[in-house]
Amino acid sequence: MFAIIALSWVANATAAWAQFETRGRGPLPNESLAVATGDFNNDGKVDVAVVGDYLSIFLGNGDGTFQPPINYQGPFYSIAVADFNNDGNADLVVTPSSNNIAVFLGRGDGTFQSPIYSPTTGPLGSLVVGDFNGDHRADVAGAGNSYISILLGKGDGTFESSIDNNSFFAPGHLAVGDFNNDHLLDLAAVGSFGSSATIGVLLGNGDGTLQSSLTYPLSDTPDSVAAADFNGDGKLDVAVGGYLVSEVTVLLGNGDGSFRQGVSYPGGGYEVIVGDFRGTGKLDMVAEPSEPGVAEFLGNGDGTFQQAKIYHSGAGYTAAVGDLNGDHKLDVVLLGSKPLAITSMLNTGVLEFSPCSPLAFGAQRVNTTSKPKIVSLTNTGSKPISFNSMRVTGAFRARDTCGGTIAAGAVCRVDVTFTPSKPGHERGGITIVDSASSKPQYIELSGVGK
């Protein structure tokens, strides 16, 4: 039986906002275009695969940081994760620039075999994975220039000849799901041409072919699409990330491949990702704000969402999610070009850090102490948060007003100073052990001695 690789998220019972703080950053080998998460070495920790000029595998350390990347020569433009040969190891499918797709079969240790190429009608962009013909093997759907292709998997990393459907013009991004509740997989596609922007649903026939698109207009040029049941009525809905306008548009499904009038939520767009970030059983969304970081839209459980809350990272835009530190909360992976880096923002639950980005002290004379920088900690939950320890590393010192507990709704502060003993760049951090998380929480620190 084929397996689409997905990690299960175990939710906490109570939460308010899902707070995000920058935890770690690692260099990317070159400009990168897409990212996927999975457990590539079977150690129970979330790893990350990034494509661009290279396929780069970042094995997770289980605390929100990553090991140096293992690189495979590209270029590649999109990526998806599944077990294509049913051996229990996560594999990768990517799109090169030529008329084919490539599968990297995983060895289960974080490395991959040489790519296996299968021909396509033309170059493909967005990729999704599903079982489109019910044979329990992973298949691939991809968006071409003027068609959508289904490639049925043979169970060994190769595919049958491409089945193309050109009923939706200029597809850009795809989402997979059962939009008419017939227990067969369908596709949602978004795209634009000129001033026209549309979303289409192509209902699956269960044999790898798709029916003609049911196409509807959109108000903004789309950059992504995600499918989920936002109001719990058993019918799939969609969220579309805007490209020209920084907003997410939610269209509730009617259960037959059609949608109600869309409702737009400003504050973030581009890549929209759905998940239960608070552990409430209600689906939320994250997207890209206008500045580096995460825009979070909390779901009300009825198909509507709260106003976006922005968490700044200093570098990188929302690209993927996963439980990066094993605390059973969804975290966010960001890709950035300035600096060229992969960044993780950890979900700190009901403990809000402000600022949520690392503290950078800049240049400070050797053997002198900087003015303090302040981090405010707010308990946004309904119960007190207890503090067990706060440890500081590097050429930094910290004093806090938190004491042993922070009452619900209360705020305490941590004052941090920098005293370099030698010239050059200094790095350190504050590790906090508290009851808001099953894992230590971290404030990243940096400065320059002169």
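Strands (E, at least two residues) are DSSP runs, numbered from the N terminus.

The model is predicted, so I hold local features to pLDDT of at least 70 and side-chain atom pairs to pLDDT 80 or more, while totals for chains, interfaces and linings use all residues. Residues are numbered from 1 along each chain as its sequence is written, and side-chain values use heavy atoms, without hydrogens or water.

**Entry 1: sheet with β31 and β35**

I looked up β31 (residues 373-379) and β35 (residues 411-418). They pair in the antiparallel sense over six bridges. Thr378 stands opposite Val411 in β35.

I then traced the sheet around them. It is open, has four strands and runs β29-β31-β35-β33, with antiparallel pairing. Which strands stand at the edges? They are β29 (351-354) and β33 (396-400). Each has a single partner strand, so one side of each is left without a neighbour in the sheet. The twist averages 20° from one strand to the next. For such angles, axes are lines fitted to C-alpha atoms, and values run from 0 to 180 degrees between N-to-C directions.

**Entry 2: sheet with β8 and β9**

I found another open sheet of four strands, in the order β6-β7-β8-β9 and with antiparallel pairing. Its edge strands are β6 (79-82) and β9, each pairing on one side only. Direction ignored, neighbouring strands here are turned by 25° against each other on average. I checked β8 against β9: they pair in the antiparallel sense over four bridges. Val103 stands opposite Ile116 in β9.

**Entry 3: aromatic pairs**

I set the ring rule next. Rings of Phe, Tyr and Trp (its six-membered ring) pair if their centres lie within 6.5 Å; planes under 30 degrees apart count as stacked, over 60 as edge-to-face and the rest as tilted. How many aromatic pairs does the structure hold? There are 17 aromatic pairs.

I picked out Phe58 and Phe66, an edge-to-face pair at 6.3 Å centre to centre with 70° between the planes. For burial I used relative accessible area: buried is under 20%, exposed over 50%, partly exposed in between (1.4 Å probe, protein chains only). Phe58 is buried at 2%. Phe66 is buried at 18%.

I went on to Tyr72 and Phe112. Their ring centres are 6.3 Å apart and their planes stand at 85°, so this pair is edge-to-face. Tyr72 lies in strand β5 (residues 70-73) and Phe112 in the loop between β8 (100-104) and β9 (116-119), so the pair ties together parts that are 40 residues apart in sequence. Tyr72 counts as buried at 16% relative accessibility, and Phe112 counts as buried at 3%.

**Entry 4: second largest pocket**

I noted the pocket rule: on a 1 Å grid over the protein atoms alone, a pocket is an open set of points where a 1.4 Å probe fits, with protein on both sides within 12 Å along at least five of seven lines, and lining residues have an atom within 4 Å of a point. Volume is the space filled by probe spheres set on the points.

The second largest pocket holds about 400 Å³ of space. Its lining has 24 residues, with Gly24, Arg25, Pro358, Arg427 and Glu444 nearest the centre. Which strand gives the most to this lining? β1 does, with five residues.

Key: Two strands pair if DSSP finds at least two bridges between them.
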